[in-house]
Amino acid sequence: MLQQSTNPAPGILGPPPPPFHLGGPPLGPRGAGNGSMQGPRHMQKGRQETSRVVHIMDFQRGKNLRYQLLQLVEPFGMIANHLILNKINEAFIEMTTTEDAQAVVEYYSTTPALVFGKPVRVHLSQKYKRIKKPEGKPDQKFEPPKQELGRVIHLSNLPHSGYSDNAVLKLAEPYGKIKNYILMRMKSQAFIEMETREAAVAMMENCSDKALWFQGRCVKVDLSEKYKKLILRIPNKGADLLKKDKPR
């Protein structure tokens, strides 16, 4: 008479049968549950909605703040909405896709994000997955603020001395009427405000084609990025009163 062996080790008859599953619902094919069981936590996280809102913190306020903030993320995709908090220095910018938002955060994790030249913190928002749009307001497309066109010429590489103010102004007189000027001999530069932007552009373009020489130096001529127009605390003599100036 054959008796069942109590030895659990594999023998001539092969491995012992698997133990019965006690407690809980029976396992389905390939270990799957009956559909009502929740999977492991790491699987559940994948089902959660991923934020597409970029959170920017620790910035300083200044003119054109909105433009500065939106410029940080604009190269990575379309902007759906944004929220800039007034009382604290935080902003939330919603991209149209989660991939765009993640690309922003990944890029600035290795590259400094700057607002007004100061570093700021950038990460995915844990507070907002989306930003609700105010009711009754149509979608607004992001457009950079229109910048005022300047009419101030910047002259650099001037000599430190040996010439009058009028001698410098004569360089610009052929292109139009001069309204104002700032001459900084120690810094070898001058700013000349023309009456029109067209006159300033004409001088810049002409001097880019043909070098402008003054007192043995090649003077560089550009449209000023620092000044759109000149407002002096102490008005100068004006271009019409400089003919009697002595060289300094």
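1. Cys218 is partly exposed, with a relative accessible area of 34%. That term covers the range between buried (under 20%) and exposed (over 50%), computed with a 1.4 Å probe on protein chains only. The model is predicted: local features need pLDDT of at least 70, side-chain atom pairs count only at pLDDT 80 or more, and totals for chains, interfaces and linings use all residues. Residues are numbered from 1 along each chain as its sequence is written, and side-chain values use heavy atoms, without hydrogens or water.

2. A disulfide here is a pair of cysteine sulfur atoms within 2.5 Å. The count is zero. Cys207 is in no disulfide; its nearest cysteine sulfur, that of Cys218, is 9.2 Å away. Cys207 is buried, at 14% relative accessible area.

3. Helices (H or I, at least four residues) and strands (E, at least two) are DSSP runs, numbered from the N terminus. Helix α5 has 13 residues (197–209); at 1.5 Å a residue it should span 18 Å, and its end C-alpha atoms are 19 Å apart, which agrees. The expected span is 1.5 Å times one less than the number of residues.

4. Strand β6 has five of its five residues buried. Val152, His154 and Ser156 lie on one side, Ile153 and Leu155 on the other. In a regular strand, side chains alternate between the two faces of the sheet.

5. Strands pair if DSSP finds at least two bridges between them. β6 runs antiparallel to β8, with five bridges; Ile153 partners Ile192 there. β6 and β10 are also antiparallel, over four bridges, and Ser156 stands opposite Lys220 in β10.
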